[in-house]
Amino acid sequence: MADFEALWRRVRDYAAAPDPLTATSNRLALILASNQPFYPFYVRWVTGEANPLLAMTLLSTPFFLASPWVARRLPDVGRLWFPAVGAINTFFCAFVFGQGSGVEFFLAPCLTIAALSCRRTHIRALAGYVAALLGGYLLLHGNYGTPLYPLDARQQDALGSLNFYSALTLSAIAVWMFLPARRHSLRMTR
């Protein structure tokens with residue numbers, strides 16, 4: 001039990017930051033990274049298909065895990081690393097699964113997390129992030145080509161439902177986690 005407590009303390013210390021918005025972003029990034037290994041199982045469950053290509057969805061995990069490290073080195077805009085990795089991962093997974101998989105729904109929590117994690121003083125960085133995300137969407141949407149992981153219409157619908165509810169849940173969790181941090185940040189600036 002002591003080993004688990006020590007590990008938990010190390011994870012908590014790794015995610016910690018003096019700024020409550022950064023600390024919240026870091027915790028959320030680590031929660032997402034800890035859930036990523038289960039995504040291939042969810043896809044397998046809803047589609048009935050098992051394929052080694054599902055392992056490709058894990059390629060972004062180290063980048064999510066690096067979010068607290070990046071935020072410490074680039075304190076002003078480092079918290080945008082997490083939603084940027086999320087957006088890149090979303091576009092990559094849309095390439096793997098196809099547009100019909102609904103994976104692009106994950107762009108909504110990417111925008112939510114970016115908007116909630118930034119202060120007014122970082123509005124230019126946020127505007128740049130939003131412009132890059134929208135530009136990526138306009139450039140890639142409808143242009144992914146043939147998916148690497150082909151699914152029939154029923155499987156795509158099932159995966160689309162999974163991705164929609166997952167993106168909605170992630171957005172709700174982000175809002176729930178950021179609200180206290182934003183209130184605390186507002187009190188600190190007064």
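Let me start with a definition: a residue counts as buried under 20% relative accessible area, as exposed over 50%, and as partly exposed in between. Take F164 as our example. Its relative accessibility is 34%, so F164 counts as partly exposed. Keep that residue in mind, please, as we'll come back to it.

Hi everyone! The model you see above is a predicted one. Let's begin with the whole protein.

What does the secondary structure come to? Nine helices and zero strands. The C-alpha atoms fill a box of roughly 55 × 45 × 25 Å along the principal axes. For 190 residues, a compact globule would have a radius of gyration near 16 Å, and the protein, at 17 Å, agrees with that. Of those 190 residues, 42% count as buried. And if we take contacts between residues at least 6 apart in sequence, 77% of them join residues at least 24 apart.

Now let's zoom in on two helices. Helix α6 covers residues 81-97, and helix α7 covers residues 107-117. They pack at an angle of about 170°, and their axes are 9 Å apart. Angles over 145 degrees count as roughly antiparallel, and that makes α6 roughly antiparallel to α7. Which residues make the contact? From α6 we have F82, P83, G86, A87, T90 and F91, and from α7 we have L107, C110, I113 and A114. Sorted by class, this contact has eight nonpolar residues, two polar ones and no charged ones.

On to the aromatic rings. In general, we describe a pair of aromatic rings by the distance of the centres and the angle of the planes. The structure holds six aromatic pairs. One of them joins F105 and F164: their centres are 5.2 Å apart, with 75° between the planes, and the pair is edge-to-face. Where do these two residues sit? F105 lies in the loop between α6 and α7, while F164 belongs to helix α9, residues 153-189, so the pair ties together parts that are 59 residues apart in sequence.

F164 also pairs with Y165. Those ring centres are 5.2 Å apart and the planes are at 75°, so this pair is edge-to-face.

Are these residues buried or exposed? We already know that F164 is partly exposed, at 34%. F105, at 40% relative accessibility, counts as partly exposed. Y165 has a relative accessible area of 53%, so Y165 is exposed.

One last thing to look for: ring pairs link Y39, F97 and Y149 into a cluster.

Terms used:
Residues are numbered from 1 along each chain as its sequence is written. This is a predicted model: local features need pLDDT of at least 70, side-chain atom pairs count only at pLDDT 80 or more; totals for chains, interfaces and linings use all residues. Side-chain values use heavy atoms; hydrogens and water are left out. Axes are lines fitted to C-alpha atoms, for helices over the stretch in contact, and angles run from 0 to 180 degrees between N-to-C directions. Helices (H or I, at least four residues) and strands (E, at least two) are DSSP runs, numbered from the N terminus. Angles under 35 degrees count as roughly parallel, over 145 as roughly antiparallel, 65 to 115 as roughly perpendicular and the rest as oblique. Contact means heavy atoms within 4.5 Å. Ala, Val, Leu, Ile, Met, Phe, Trp, Tyr, Cys and Pro count as nonpolar, Asp, Glu, Lys and Arg as charged, and the others, Gly among them, as polar. Rings of Phe, Tyr and Trp (its six-membered ring) pair if their centres lie within 6.5 Å; planes under 30 degrees apart count as stacked, over 60 as edge-to-face and the rest as tilted. Buried means under 20% relative accessible area, exposed over 50%, partly exposed in between (1.4 Å probe, protein chains only). The radius of gyration is taken over C-alpha atoms; the globule rule is 2.2 Å times the number of residues to the power 0.38.
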